[in-house]
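I opened my notebook beside the viewer and jotted down what I looked up. Come along as I go through the entries.

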Amino acid sequence: MLPLVALVGRPNVGKSTLFNVLTRTRDALVADQPGLTRDRQYGVCRLGDRPFMVVDTGGIGSEEGSLGERAEVQSWAAVEEADVLLFIVDARAGITPDDSEILRRLRRQSKPVILAVNKTDGLDETTAMSEFSRFGIEHVQPLAASHGRGVLGLIEALYARIPAAVEGALDPALEAPGDRLKLAIVGRPNVGKSTLVNRIAGEERVLASEVAGTTRDSIAVDLERDGKKYRLIDTAGIRRKARVEEAVEKFSVLKALQAIEQSETVVFMLDASEGVTEQDATVLGHVLQAQRSLVVAVNKWDGLSVYQKEQCKADLERRLAFVSYAQIVTISAKHGTGLRELFRAVHKAHESATRIISTSEINRALEAAFEAAQPPMVGGHAAKLRYAHMAGHNPPTIVVHGNRLRTLPDSYKRYLENFFRKRFKLVGTPVALLFREGENPFKDKPRDAPSDRQKAKRKRLIKFVKRKS
């Protein structure tokens with residue numbers, strides 16, 4: 001594996017900003033608000049010759065109560081698995097009692113520690129650094145992470161302390177696109193997304209609680225299950241725009257929508273005890289817009305009575321009719337029931353979304369669909385479906401060529417989509433249909449103007465008459 005560097009420190013000292021600079025991404029959510037980061041976020045730094053892993057952590061002492069304590073547990077777990085510890089402090093705030101306590105605990109790890117004095121922009125570096133010299137750390141690096149100043153010097157200091165990568169180690173970001181199935185878990189707040197991720201991962205990889213909005217960032221978790229590799233993306237709960245007020249939540253929702261776009265398959269979770277709500281329909285709308293393969297996971301199923309389960313099934317069939325192609329799986333993320341069925345549905349949806357169908361098969365299906373139900377007459381003429389072919393996958397995209405296709409009603413387009421899905425047994429994926437009309441060679445010519453063929457025929461006729469005369 002690649003060597004791992006952990007970014008640790010108090011809240012709001014710039015850990016997430018530095019993480020984004022090192023990884024050249026915007027994976028970590030950044031705002032001028034203490035305690036924003038709660039879960040571990042991993043990335044790869046390639047600014048130098050030797051790539052290494054970086055893990056962003058929540059601020060130690062960021063929140064009071066159970067959530068703050070559990071966020072600190074996540075931070076110290078990252079410290080335990082890291083090879084080098086990058087201790088970040090705030091030059092403007094100076095040394096605080098929390099800084100001293102964090103450093104005392106870091107020294108117990110018997111691991112290399114580098115002190116990064118951040119937010120030195122606008123300050124005299126010598127004066128700012130002198131205060132932190134009493135920590136007795138060998139290498140102290142001044143930084144202005146928001147401007148990228150001091151980063152190259154920091155990387156050189158890291159190279160002197162991080163071990164060489166294990167020979168043959170695979171850089172996670174250099175894996176082939178098909179090596180890991182990217183699976184985004186989405187839904188409205190407090191339906192059990194983080195609990196499901198922890199149950200699948202077999203550890204408390206992300207914070208999960210009954211408090212809505214616990215997850216603020218989109219966290220990617222790489223794992224292997226039954227010999228197959230996955231990248232689970234735990235997302236923040238998505239609510240309707242009218243209910244999103246705080247700026248942080250707006251960014252959280254935006255990152256959740258980006259996770260949907262970047263995924264291959266989406267597991268949409270809902271609470272069985274509440275059924276399908278308007279917020280659920282809002283989230284599903286985003287998934288449909290992204291045209292990703294879909295599996296519906298109904299969580300907290302074990303807490304319902306027999307009568308409630310029957311009512312819930314009827315409600316699901318009625319309110320999810322617009323995504324009838326998606327398979328519905330009942331699970332309990334807390335107890336782990338239904339996970340095997342969930343992964344079977346995920347693989348069916350992914351295989352359907354990435355299936356390659358030959359042109360001959362598509363044309364035979366198009367002919368069968370035309371014979372079973374012909375397009376309606378519009379203005380005395382009916383559309384002609386000539387041939388079709390596949391233009392892409394995830395979702396399966398079929399291009400239909402013909403004449404007067406603009407007159408096809410939406411009902412007939414839906415008929416073709418459902419016919420293709422049933423014919424090729426596509427489960428859990430939308431089918432995108434594109435219609436292309438052939439160019440009319442005479443559209444730009446006047447109606448009374450003779451064609452080239454008519455002109456040639458007229459010339460031959462004139463020559464024939466002259467010869468006879």
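Predicted model: local features only at pLDDT ≥ 70, side-chain atom pairs only at ≥ 80, totals over all residues.

**Aromatic pairs**

I began with Tyr 412, which is buried at a relative accessible area of 5% (buried means under 20% relative accessible area, exposed over 50%, partly exposed in between, with a 1.4 Å probe and protein chains only). Residues are numbered from 1 along each chain as its sequence is written, and side-chain values use heavy atoms, with hydrogens and water left out.

Next I looked at Tyr 415, which counts as partly exposed at 23% relative accessibility. Both Tyr 412 and Tyr 415 lie in helix α12 (residues 410–423), 3 residues apart, about one turn of the helix.

I then counted the aromatic pairs and got 7 in the structure. Rings of Phe, Tyr and Trp (its six-membered ring) pair if their centres lie within 6.5 Å; planes under 30 degrees apart count as stacked, over 60 as edge-to-face and the rest as tilted. For Phe 87 and Phe 135 I found ring centres 6.2 Å apart and planes at 40°, so this pair is tilted. The two are 48 residues apart and link distant parts of the chain: Phe 87 is in strand β4 (residues 84–90), Phe 135 in the loop between α4 (125–132) and β6 (140–142). Phe 87 is buried at 0% relative accessibility, and Phe 135 is buried at 8%. Ring pairs also join Phe 87, Phe 132 and Phe 135 into a cluster.

I also checked Trp 76: the charged end of Arg 105 sits over its ring, 4.0 Å from the centre (the rule asks for NZ of Lys or CZ of Arg within 6 Å of the ring centre and within 35 degrees of the ring normal).

**Salt bridges**

How many salt bridges does the structure hold? I read off 13, each being a side-chain nitrogen of Lys or Arg within 4 Å of a carboxyl oxygen of Asp or Glu.

I picked Asp 90 and Lys 119, whose side chains meet in a salt bridge (3.5 Å, N to O). Asp 90 lies in strand β4 and Lys 119 in the loop between β5 and α4, so the pair ties together parts 29 residues apart in sequence. Asp 90 is buried at 10% relative accessibility, whereas Lys 119 is partly exposed at 22%.

Then I took Asp 271 and Lys 300, a salt bridge with its closest N and O atoms 3.2 Å apart. Asp 271 is buried at 3% relative accessibility, and Lys 300 is partly exposed at 33%. I also noted a network of salt bridges linking Arg 188, Glu 274 and Asp 280.

**Backbone**

Most residues other than glycine have a negative phi, and most peptide bonds are trans. Last, I found a cis peptide bond joining Asn 394 and Pro 395, with omega about 5°.

Terms used: Helix = DSSP H or I, 4+ residues; strand = E, 2+ residues; numbered from the N terminus.
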